[in-house]
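Okay, thanks for coming, everyone. Today I'd like to talk about charged side chains and who pairs with whom. Let me put the model up.

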Amino acid sequence: MMRYFSFTLDKPVLYYKGGEFVSKEIWQHQPVNHKGDYEIILCMKGNISVQINNEQFIIRPHEVMIVPPYTDFCGCRPSNPPVDFYWLHFFSQFKERAFNSSTNNVLKEWLTHASSRQQVVLPRVFKPDNVDQIAVQIHQILAIQDNPVILGQRDFLTSALLIQLFDSYSAHEKEAHEGGKMRFIKEWIRVNMSSELSVDEIAMAVQLSPDYLTRLFKQSMGITTLQYLTRLKIEVATLLLVRTEMSVKEIADYAYFNDAKTFMRRFRAQVGMSPTEYRRSYTSIHLNNPHVDPQIPLPKEVSDLITYIPENGTVQNKSRK
């Protein structure tokens with residue numbers, strides 16, 4: 001049995017604060033109290049030992065943790081360097097539900113009624129299927145400047161992040177439970193990714209004909225094998241663009257494209273902007289360090305929009321000093 005949290009999306013969730021934490025020193029999370037806000041933590045490097053009320057957990061690389069409202073949260077032991085994780089707080093505009101259930105029951109219930117409900121559900125700790133894409137989505141949310149005209153985008157993008165996390169979690173768990181050829185094929189492609197990797201080579205390695213392999217991808221994922229290959233490469237490129245200072249040419253090489261021109265053409269076709277434009281749009285985020293954990297006041301526009309105050313706590317409408 002696992003602990004799950006539901007999120008109602010008839011109205012967008014309300015972004016509160018966020019950033020990326022990086023430490024090359026031994027570090028331990030300071031004690032904090034979550035008021036009415038949820039927190040998403042995406043661990044990129046290191047093992048993070050934390051405690052929620054009286055329960056202890058370890059967040060491992062490429063895992064996501066959901067920290068619920070009205071809980072005491074702290075590090076329970078020092079984490080060895082390097083440590084790198086994204087953190088993002090938000091409020092729901094509805095009375096949400098926390099419950100214990102099995103993975104099979106949750107997926108059966110939510111996937112069966114997915115088209116008729118504006119709601120997703122996520123476990124307390126899980127490993128999404130596409131960590132790089134999730135990291136880029138969080139980075140995009142954090143990169144939005146403090147312009148009142150566009151701040152509302154953060155709410156919609158955070159809601160979209162919850163949907164993406166649920167889709168990724170359900171896809172990962174569905175494949176893990178069902179097994180099957182696709183899971184093996186996708187993992188083989190990730191491990192053997194290179195600029196020379198072709199559909200024919202993949203088909204030979206997994207003992208399928210190229211045509212059948214493409215039909216299998218189309219049936220399972222709605223895209224062809226070649227489109228999946230390109231999507232993986234673009235995911236690598238977007239992560240390198242927002243998290244490194246590599247040149248476009250270097251990124252083209254590390255993202256397994258034959259040359260920079262091909263990379264730039266395919267990147268623009270899929271993303272809608274050049275790699276340089278993409279980097280310029282999403283590189284300004286709040287980066288905190290081991291010595292400065294931000295204590296950010298609750299924005300008035302967020303507190304004014306909170307329409308539901310849960311029974312087990314209150315939302316502070318005054319900014320903390």
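First, the term: a salt bridge here is a side-chain nitrogen of Lys or Arg within 4 Å of a carboxyl oxygen of Asp or Glu. Now some housekeeping: this is a predicted model, where local features need pLDDT of at least 70, side-chain atom pairs count only at pLDDT 80 or more, and totals for chains, interfaces and linings use all residues. Residues are numbered from 1 along each chain as its sequence is written, and side-chain values use heavy atoms, with hydrogens and water left out.

For the cut-offs, buried is under 20% relative accessible area, exposed is over 50%, and partly exposed is in between, using a 1.4 Å probe and protein chains only.

Next up, Glu 55 and Arg 124, at 3.6 Å between the closest N and O atoms. This pair links distant parts of the chain, 69 residues apart: Glu 55 is in strand E6, and Arg 124 is in the loop between strands E11 and E12. Arg 124 is buried at 11%, but Glu 55 is partly exposed at 44%.

Last one: Arg 268 bridges to Glu 277, closest N and O atoms 3.7 Å apart. Arg 268 is partly exposed at 43%, and Glu 277 is partly exposed at 32%.

Key: Helix = DSSP H or I, 4+ residues; strand = E, 2+ residues; numbered from the N terminus.
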